[in-house]
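Q: Hi! Could you walk me through this model when you have a minute?
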Amino acid sequence: MSRHLAFCAFLLLVACSHQTPDQQLLEEADPLASWAATLQFAGEQWLANGVPTSFVRATVGAAEKAFEKTNKAISESHARQELRHAITQQLDIMHAAARDLKQAIEKNDRRMVAESVKRLAAVSAALQKLEEQKDRS
Amino acid sequence: MKKAMTLALGILTSVGGFFDVGNIATCTQAGARFRFQLIWALLLATLVVIVLVEMSGRFAAVTKKALPDAIREHFGFGFWLVPFIILTLIHILVLGAEIGGICFALHLVTGLPLQVWALPVAILLWVFLWRATFSTIENSTSLLGLITLCFVVATIWLHPPTHDLLQGAVPSMPSKNPENYWFIAVSIIGAVIAPYLFYFYSSGAVEDEWDPSYIPVNRAVAVIGMGFGSIVSLGAIIVAGVVLAPRGIHVDDYHQAALMLTQAFPYWGYVLFAVSMGVACLGAATEVALSMSYTFAQTFGWNWGENLNPAEDARFSLVYTISLLLGSLFMLAGVDPLKLTLLTMAISAAVLPVVAIPMLLLMNDRKLLRDAANGIFSNLATAAIVLLTLVLAVVSIPLAVVGGS
């Protein structure tokens, strides 16, 4: 019984690890859309006085760690050039928007925060489209 | 009258003490990724935990012995040694995850890094364990834990679609990320059926001097208390499913989960999340540290009891002192608390047979339990649970490799 289950678990492991470079890269980039949506939501809540500045600062810090990880994955990936380019482009926009969000909250600049939130919403939508591409493939 | 009080307090403490860092991590991940599709895993785990908690309480009430004590006595030290070592490691990992949860809650409130809080939290827990009696610890942390009912209030506030909730109660295949789906399902089960829970519960029953007349109380506490307690976890799945999932927010970091109550409680949601997490983890951390001391003391035949003065059971007190220090090292070393929690839950699920199988054997010993030994229904339920734990033992680690985030 245990041996059968171990075999099934092994098969699952093998099946899941067999991915094309494109799929692998999309998988690595998967958290980006989630982080874009998180930063957008955090910015909205900051504007509504629902979260403190220190929280947004720490959340941007956590998101930046995810950006670095994805950046590394892109540079090591053998996926198609156009896919790598599309993800890099969104990553750069998101990185800039996150940086601006952080600066805006430090300066208590509500207009700039609202702008960053809009940019993050656009990145989030673009990344979710890429995610759908992964689900279809 | 005393039994009615025990029952009422037992139910309240079960509700307040059910939620911990494992539930927070796994339930918010489940809701954020798969909306209500993993409700069935929580319901299944709740059924299992009710059966096992009822058995461990019944065992302690009849034999006046806690489980580790009885397993060592009944099967011998050699048999118990390997499970004891495995469970010691699990205790330290769970304690590290719970301390991580408290540190994260304090980070949310103060904005200071988690590492800063690791040692102060360990010291605070130690002072609490050193000074307080068993009932003070159990009742205060669990009653404070009722704050976690804010997840249930938020659920009512958010009006989730009833039809989707009911669909989630039935197991179904996910449309995407099957490996992540099954990993979270296994982790939910590992978080709810925490191995330390049964040792803590049976040792607590011995500390509270239960006798066979407490069997009905024990049954009611197990069924009603654990049943209602799981509603808080259910609330966490639903709130994450309503608030985080439609926005495409997955919980890869606790900062993402911290936003989940802000929609239901626009100003207080963030604070409520931080306080709920802090209090839930504080209660669980004290229970895990005590469970570790109980297990050590009962394994080596030392004096034990949280109601005793530390001078009367120095080695018992030394174990929780060392375990708190070890548990705080994870946060001091900068380990990601969410990753630590998820890994711990997967390992907890993997070692469940170590807890379930000896319990099944002991519960059938008519010399020990006389009329209170397991009947056919209890044995069928336990056999099903053992089978489930064996499946979990085999699949949890491979799933953590392919499906863990």
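Q: Great. What kind of model is this, and how are things numbered?
A: It is a predicted model, in which local features need pLDDT of at least 70, side-chain atom pairs count only at pLDDT 80 or more, and totals for chains, interfaces and linings use all residues. Residues are numbered from 1 along each chain as its sequence is written, while chains are lettered from A and ligands numbered from 1 in the order in which they are written.

Q: How many helices and strands are in chain A?
A: Chain A has 6 helices and 0 strands. Helices (H or I, at least four residues) and strands (E, at least two) are DSSP runs, numbered from the N terminus. Read from the N terminus, the order in chain A is α-α-α-α-α-α.

Q: What is the mean pLDDT of chain A?
A: The mean is 85, and 83% of the residues of chain A reach 70 or more. pLDDT is the predictor's confidence in each residue, from 0 to 100.

Q: Noted. How much of chain A is buried?
A: Of its 137 residues, 34% are buried. A residue is buried if 20 or more other C-beta atoms lie within 10 Å of its own, exposed if 12 or fewer, and partly exposed in between, with C-beta atoms placed from the backbone.

Q: New topic: how many residues of the two chains are in contact?
A: 30 residues of chain A are in contact with 26 residues of chain B. Contact here is two residues whose C-beta atoms, placed from the backbone, lie within 7 Å.

Q: Which helices of chain A supply that side?
A: H1 (2-17), H3 (30-47), H4 (53-76) and H6 (110-136) of chain A each supply at least two residues of the side that touches chain B. H1(A) gives the most, with 9 residues.

Q: What classes of residue are on it?
A: The side of chain A that touches chain B has 18 nonpolar, 11 polar and 1 charged residues. Ala, Val, Leu, Ile, Met, Phe, Trp, Tyr, Cys and Pro count as nonpolar, Asp, Glu, Lys and Arg as charged, and the others, Gly among them, as polar.

Q: Over to chain B. How do H11(B) and H14(B) pack?
A: H11 (residues 195-207) and H14 (residues 269-300) of chain B pack at an angle of about 75°, with axes 9 Å apart. Axes are lines fitted to C-alpha atoms, for helices over the stretch in contact, and angles run from 0 to 180 degrees between N-to-C directions. H11(B) and H14(B) are therefore roughly perpendicular. Angles under 35 degrees count as roughly parallel, over 145 as roughly antiparallel, 65 to 115 as roughly perpendicular and the rest as oblique.

Q: Which residues meet there?
A: On H11(B) they include Tyr196(B) and Phe200(B), and on H14(B) they include Glu287(B) and Tyr294(B). The contact divides into 6 nonpolar, 3 polar and 1 charged.

Q: What about H2(B) and H10(B)?
A: The axes of H2 (residues 21-34) of chain B and H10(B) come within 9 Å and cross at roughly 150°, so H2(B) and H10(B) are roughly antiparallel. By class, their contact has 8 nonpolar, 6 polar and 1 charged residues.
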